[in-house]
Amino acid sequence: MNPILTVETLSFHYHDGEPLFENIQFSIFPGTLTALIGPNGSGKSTLLRLLAGIIPARQGKILLNQTSLCSFSIRERAQRIAFLPQNIFPVFPLTVFEIVAMGRYPWKPILSGLSQKDYEITDKCIHLMNLNSLEDRPYSELSGGECKRTLIASILAQEPEILLLDEPLAGLDLPHQIETLHHLCKLTQEGYTVIIASHEINIITRFAQKFILLSSNHQIIAQGDAETTLTKDNLNRAYNASFWVGTHPLTKGLLIEVEQKETR
Amino acid sequence: MKQGNKTKIFFCFLLLILLTPLSIFIGYEPISPWRLWQEIQQSRPVNQSLVIEIILFHRMPRTLVTILVGMGLSIGGVTFQALLRNPLATPYTLGTSSFASLGAYIAYLGMNSFLSSLPIISIPLSHLLAFTFAIGEVFIILMLIKTKPKLSATLLLLCGITLGMLANAFISILRYWASPDKLVFMERWWFGSTQVLGYQPVILVASISIPAFILIWSYSSALDQYTFDVEIAQSRGINIAKLQIHLFIIVSILTAVIVAETGPIGFVGLIVPHVARYFVGSSHRWVFPFSALIGGAFLLFCDILSRKLFRTEIPVGIITTLIGVPIFLYILFGKNFKEWMI
């Protein structure tokens, strides 16, 4: 099987010239859940934005289905890749239905309203994320978990091949985190490719197939499955801290903890 | 939801249609429909009947201009609020109107002197200068946003208000220098008045504002995305820079034409969009047409009031401010406003 997304010798620096990424490479296969793991400021969010095409890559290539991402028009790109930032600040209170329906934007001809098909897809996504009872509620009145579900439904309505989510678990309680990941997993089984950036290592290891570990100096320390990527050595190098890696007594997955440093 | 919005728009349209005959018959010289009917039956040439002349060359063009200007101010307000992601941003609060006024003021004062000798085909110099100054001010605002991307809503507004004060200071200098005979006309314009004569202003305002309305309306869904989240909007295929520049230019032209024709009229563009959102929700597909209808009806209502409220007619800009201030304070201290200021 060919990878759906390939990153080749990607380099990136912000305007001030300080290099962020140098020669980053990885590939993502369709129908998988990939987790970007790394300390604060390691560039997880920037990497997602590069993949989403929101900020242009300076050097190197991002290939979508073996075709350079730059050769797609922004509309074609939007039909294939959806992006969800960590925090959003809407100015006006749109309703849940309106927000989900907004995901249809890349497929709509300019000036036209929602077609029958748009309505069907919107309803399907609302149903999938269990939002039926909230349809007409304004976004400003939703709880944190309801907001996340609405946003995920919205990018699903975009019908992309790849979903990029920046910290989709932040601010959610444990059951909602598990529920969100469960939803994302279900999507990968339906053929979607999902990439998330997250700090919730212990929860993610139960769900993701692939891990990309970024270090605080913006390099990929390791990538692959949980056992080979999230080793004690790799984590120590990425975070500049000392980790314990063990087996979770209940899930039998990885259990990752940080040794407490003596501060005095 | 959707069906309800169509009904609301229909009622608003009805309101506008009902106000129109009032605007035609009410004024300094009250004309009853009966008197008009008698005049028409006498079938004298138009220029020999005072009643018909008043209606045809004063009241009708004035009504049309008022409706168009009310619509334009509201649509300009909605667009600025969306573009700057700030519910208090309008061409009026951000100083764009003041700069357009300055441009127009210079042109009007210069008339019959050196400036009128400039041959500018079919576009009045006042409109051209108003646009130049308006776009210049918008450019300054854009530069401010560019250099300080995290500029808070409140700070941006203060910048706009300060720039507006600067323009007003220049206008004060010009007023001080102006000859008394010109000042009479200028003062009326400066307070904001839709009193026009003949159809030339109507054609001018209509030929600019109607295409502008349609163009701006075509950006509805893009503006929904943009006000929801800029990065999501980008990831959905919206070119943010292009969207901003297109809309800023269109609104600057719209504001310039309105200001050059009627003077700066405040509070319509600030309040009408909020009223519209209260009734039809936040989707721009509905907010634009509804704001246009409410704006047209509101300004027409204020204009009718301005003719009859006091013994002599007063400029409509004073009425909109008198009505606008309490409504605006109500919105400002209302329960929905807290989230916007954070």
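The model is predicted: local features need pLDDT of at least 70, side-chain atom pairs count only at pLDDT 80 or more, and totals for chains, interfaces and linings use all residues. Residues are numbered from 1 along each chain as its sequence is written, while chains are lettered from A and ligands numbered from 1 in the order in which they are written. Helices (H or I, at least four residues) and strands (E, at least two) are DSSP runs, numbered from the N terminus. A residue is buried if 20 or more other C-beta atoms lie within 10 Å of its own, exposed if 12 or fewer, and partly exposed in between, with C-beta atoms placed from the backbone. Two residues are in contact if these C-beta atoms lie within 7 Å.

**Helix H5 of chain A and its end.** H5(A) covers residues 144-157, which makes 14 residues, and spans 20 Å from its first C-alpha to its last. This is close to the 20 Å expected at 1.5 Å a residue, where the expected span is 1.5 Å times one less than the number of residues. Of its 14 residues, 10 are buried, so H5(A) is largely enclosed by the rest of the structure. Among the buried residues are Lys148(A), Arg149(A), Leu151(A), Ile152(A) and Leu156(A). Glu159(A), which follows H5(A), has a positive phi near 50°.

**Open sheet of S2, S1, S4 and S5 in chain A.** The 4 strands stand in the order S2-S1-S4-S5, with antiparallel pairing. S2 (19-28) and S5 are the edge strands, each pairing on one side only. Helix H1 (residues 44-52) of chain A packs on this sheet and touches S1, S2 and S4 of chain A. The direction of H1 makes about 120° with that of S1(A); axes are lines fitted to C-alpha atoms, for helices over the stretch in contact, and angles run from 0 to 180 degrees between N-to-C directions. Two strands count as paired if DSSP finds at least two bridges between them. S1(A) and S2(A) are joined by 6 bridges, and Leu10(A) has Ile24(A) as its bridge partner in S2(A). Strand S1 (residues 5-13) also pairs with S4 (residues 59-64) of chain A over 5 bridges, in the antiparallel sense. There, Thr6(A) is partnered by Leu63(A) in S4(A).

**Hairpin of S4 and S5 in chain A.** S4(A) and S5(A) (residues 67-68) run antiparallel and are joined by 2 bridges. Thr67(A) in S5(A) is the bridge partner of Leu64(A). The hairpin has 2 residues between its strands, and Asn65(A) in it takes a positive phi near 50°. Gln66(A), in the loop between S4 and S5 of chain A, has a phi near 65°, also a positive value in a residue other than glycine. With 9 C-beta neighbours inside 10 Å, Gln66(A) counts as exposed.

**Loop between H4 and H5 of chain A, with Asn130(A).** Asn130(A) is not a glycine, yet its phi is positive, at about 55°. Most residues other than glycine have a negative phi. Asn130(A) has 13 C-beta neighbours inside 10 Å and so counts as partly exposed.

**Strand S9 of chain A and its partners S3 and S10.** In S9 (residues 210-214), 4 of the 5 residues are buried, so the strand is largely enclosed by the rest of the structure. S3 (residues 33-37) of chain A runs parallel to S9(A), with 4 bridges between them. Ile37(A) stands opposite Leu213(A) in S9(A). S10 (residues 220-224) of chain A runs antiparallel to S9(A), again with 4 bridges. Leu214(A) is paired with Ile220(A) in S10(A). The hairpin of S9(A) and S10(A) has 5 residues between the strands, and His218(A) takes a positive phi near 65°.

**Contacts between chain B and chain A.** On chain B, 23 residues are in contact with 28 residues of chain A. Helix H9 (220-228) and helix H10 (230-235) of chain B each supply at least two residues of the side of chain B that touches chain A. H9(B) gives the most to this side, with 5 residues.
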